[in-house]
Amino acid sequence: MTLTRNDVIDLLTAAASVDLRKLGEADVTGWSAMLRSDLDRDLAFEALRVHYATSPERVMPAHINARAIEIRKDRADREERLERELRADRNDARHGLEPVGGGPLALNADGPPVPGAYEVGGAVDRECPACGAVPMEPCVNRASGRPMRMPCLARMKSSA
Ligand SMILES: [Zn+2]
């Protein structure tokens, strides 16, 4: 993934809409040479956006390079955090523990139904208003199509 000459022209045109710079062939060639070769178009534009959203300084290739690295690191950190949480939830499910925090991920965990959970408020005796599971059948994760360890909240709560 790297920037094409057209990407650089578009990027400089976008910069010019803010700083009113004049663009010529030399600018395009110069910027092409100075921007990191591993930038893609989205990242370069996001870097430009962040730069002009946070700095009054006229943008230079070094700004784009530095911002792009920050943005990429940010994204990697976020993904890693999410993955770690998912892994922790899966571990808890394997060991039959209730995940700490109990966010939506925890409630929707797929797996063998926990009988006790389905008996809360007689949930198992009625149809689920959320996922449509019939009485005596476990709730179904509509995203994965697999049974869920715990019934949908709506099924536990509905007291007809
Ligand atoms: Zn349900």
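Predicted model: local features only at pLDDT ≥ 70, side-chain atom pairs only at ≥ 80, totals over all residues.
Student: Which pattern does the protein chain follow, read along the sequence?

Tutor: The protein chain has seven helices and two strands. Taken in sequence order, these elements give the pattern α-α-α-α-α-α-β-β-α.

Student: What span should helix α3 have, and how far apart are its end C-alpha atoms?

Tutor: Helix α3 covers residues 41-54, which is 14 residues.

Student: What arc around the axis do the buried residues of α3 cover?

Tutor: The buried residues of α3 are Leu-43, Ala-44, Ala-47, Leu-48 and His-51. They lie on the same side of α3, because the arc they cover around the axis is only 140°.

Student: Which elements give two or more residues to the largest nonpolar core?

Tutor: The largest nonpolar core has 15 residues, and Leu-35, Ala-44, Leu-48 and Ile-64 have the most contacts inside it. Two or more of its residues come from each of α1 (5-19), α3 and α4 (61-94).

Student: How many residues are in the other core, the one that lies apart?

Tutor: Ala-133, Cys-139, Met-150 and Cys-152 are among the members of this other core. It lies apart from the largest one and has six residues.

Student: With which residues is Ala-44 in contact, leaving aside neighbours within four places in sequence?

Tutor: A contact here requires C-beta atoms within 7 Å. With sequence neighbours within four places left out, the contacts of Ala-44 are Leu-3, Asp-7, Leu-11, Leu-35, Leu-39, Ile-64 and Ala-68.

Student: Why does Val-59 count as buried?

Tutor: Val-59 is placed in the loop between α3 and α4. The cut-off for a buried residue is 20 or more other C-beta atoms within 10 Å. Val-59 therefore counts as buried, as its C-beta neighbours inside 10 Å number 21.

Student: How far apart in space are Val-59 and Ala-15, C-alpha to C-alpha?

Tutor: Beyond four places in sequence, Val-59 touches Ala-15, Asp-19, Leu-48, His-51, Tyr-52 and Ile-64. Val-59 and Ala-15 are 44 residues apart in sequence, and their C-alpha atoms are separated in space by 7.4 Å.

Terms used
Residues numbered from 1 in each chain as written. Helix = DSSP H or I, 4+ residues; strand = E, 2+ residues; numbered from the N terminus. Expected span 1.5 Å × (residues − 1). Buried ≥ 20, exposed ≤ 12 C-beta atoms within 10 Å, placed from the backbone. Arc of directions from axis to C-beta. Core = buried A, V, L, I, M, F, W, Y, C linked by C-beta atoms within 7 Å. Contact = placed C-beta atoms within 7 Å.
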